[in-house]
Amino acid sequence: MRWALVKVCLAVTTMVVVAFAVPLGLVIREMARDRAFSNAEREAAAVAPALSITTDRDQLERVVASAGSDSGMAVHIPASADQTSGGTSAVDLGRQRAAAADIATVRRLGRASTSDVPGGSTLLQPVALSSGEIAVVEVFVPDVEVTNGLTTAWTVLAGVGLALIVGSVAVADRLGVRMVRPAQRLVEGAHELGEGKLGARVPEEGPTELRLAAVAFNSMADQVVQLLANERELAADLSHRLRTPLTVLRLNAASLGDGPAAEQTRTAVAQLEREVDTIIRTAREAKPQTVAAGPGAGCDAAEVVRERMAFWSALAEDEGRKVRVAGVDRPVRIPVARADLAAALDALLGNVFRHTAEGTAFAVDVHNGEDAVIVLVSDAGPGISDPEAAMARGRGSGSAGSTGLGLDIVRRLAESTGGDVRIGSSVLGGTEVRIWIQLDGREPVRRGHRGSVRRRRPGRLVSTFNRPRSLP
């Protein structure tokens with residue numbers, strides 16, 4: 001907008017300067033010409049009184065010399081009509097430059113005129129003699145005298161026009177800066193707020209419209225901070241309320257005695273207590289964790305999958321479920337925190353045990369590509385009739401104990417790396433949840449209307465995870 005304003009001002013000022021400078025330059029040229037011919041008329045008028053008194057050559061030469069224009073003035077006196085009775089002969093003083101026809105025309109008409117000659121112009125001024133004849137005074141006006149001072153005047157005029165253009169551009173640039181700078185600060189503040197810098201504010205200055213926009217932005221940022229603070233306090237309060245039932249569970253688990261089931265129950269209760277403590281500490285922090293993990297951060301997805309499957313395998317064995325794990329024989333590094341991946345896997349595996357009948361088989365596959373890692377959790381259950389509704393945060397399946405937050409946790413984990421989550425039909429006949437974890441550090445995907453992903457996915461891994469597999 002700044003350069004657009006400068007260009008508009010430059011164009012307008014240039015047109016105005018040209019519109020005024022060109023006519024003014026022509027007027028200056030005409031004024032210089034008029035000045036030169038006015039001087040010639042004065043010179044011719046200085047000789048006219050002498051011609052009305054005498055036509056003697058010697059006296060006329062002295063008069064012309066006293067006028068100071070003997071080199072550029074000529075006098076043409078015609079011969080008297082009655083030359084035999086004492087008339088005078090024709091007299092020509094000075095150098096004749098005008099054509100004889102032009103002199104004769106002026107003598108016949110009795111009006112002054114100008115004619116072009118080599119090197120300039122001549123002024124032909126008629127003068128009446130005592131004898132009744134018409135003499136013609138010729139004054140030469142060179143081109144140098146006509147254009148005298150014209151170059152200087154045009155140079156000054158061009159300099160003034162150029163100064164006006166430069167000044168207008170400078171003023172337009174300053175006005176553009178005054179308008180653009182607050183807009184740039186508003187854009188920078190919006191980017192900072194979008195990156196999680198909740199302290200970003202915009203100076204309330206500039207034009208009225210931009211100042212009002214800055215006021216609205218700062219008010220919005222304050223409301224966002226207040227809403228996040230209220231949300232953190234609410235999360236901390238709700239998490240703190242879980243301590244009482246967790247204490248009861250821990251005491252009951254301690255009285256179960258020895259055995260694998262009792263040990264697993266105590267381990268689960270201890271992990272639940274740690275998760276609740278983590279939620280409370282995170283919620284109480286002054287700043288939300290909105291910054292992505294730096295280079296080298298993350299975990300080994302294969303190790304996390306083996307650990308969580310070892311935890312769930314005991315329950316699967318009790319319920320007669322067949323379990324298969326693939327792709328975890330080698331390390332698979334991903335830019336995701338270990339606790340986040342474990343929570344996502346627990347959410348998906350918990351859904352399998354919660355929403356499928358006992359004896360339903362399930363599988364977990366890990367596929368490692370060049371720029372992405374895919375984790376597949378599939379089962380042989382009845383499937384999900386409306387995957388889009390299942391991905392909606394907080395909606396749930398409508399059954400008891402379903403809050404609708406499990407799949408949302410998985411989705412946010414994948415999208416934090418630039419990936420996504422898709423629900424489809426598995427080769428086992430039930431549901432397949434695919435977690436796409438991006439490795440190349442691109443920006444997180446942005447979801448459009450109704451959860452559609454606006455990013456093209458690499459195609460070389462698609463055929464891999466759709467390959468039919470069988471359980472042992």
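Predicted model: local features only at pLDDT ≥ 70, side-chain atom pairs only at ≥ 80, totals over all residues.
I started with the secondary structure and counted 13 helices and 12 strands in the protein.

Of the 472 residues, 35% come out as buried.

Then contact order, roughly. I took the contacts with a separation of 6 or more, and 64% of them join residues 24 or more positions apart.

On to a helix pair. I picked α10, residues 338–355, and α12, residues 406–415. Their axes sit 9 Å apart and the packing angle is about 145°. The crossing of α10 past α12 is left-handed. Who makes the contact? From α10 I listed Asp340, Leu341, Ala344, Ala347, Leu348 and Asn351. On the α12 side I have Gly406, Leu407, Val410 and Leu413. Sorted by class, that contact holds seven nonpolar residues, two polar and one charged.

Is Thr13 buried or exposed? Its relative accessible area is 14%, so I put Thr13 down as buried, the cut-off being under 20%. I also checked what Thr13 touches, leaving out residues up to four places away in sequence. The neighbours are Leu164, Ile165 and Ser168.

Note on methods:
Residues numbered from 1 in each chain as written. Heavy atoms only, no water. Axes fitted to C-alpha atoms, helices over the stretch in contact; angles between N-to-C directions. Helix = DSSP H or I, 4+ residues; strand = E, 2+ residues; numbered from the N terminus. Left-handed = near helix turned anticlockwise from the far one by under 90°. Contact = heavy atoms within 4.5 Å. Nonpolar A, V, L, I, M, F, W, Y, C, P; charged D, E, K, R; others polar. Buried < 20%, exposed > 50% of the residue type's maximum accessible area, 1.4 Å probe, protein only.
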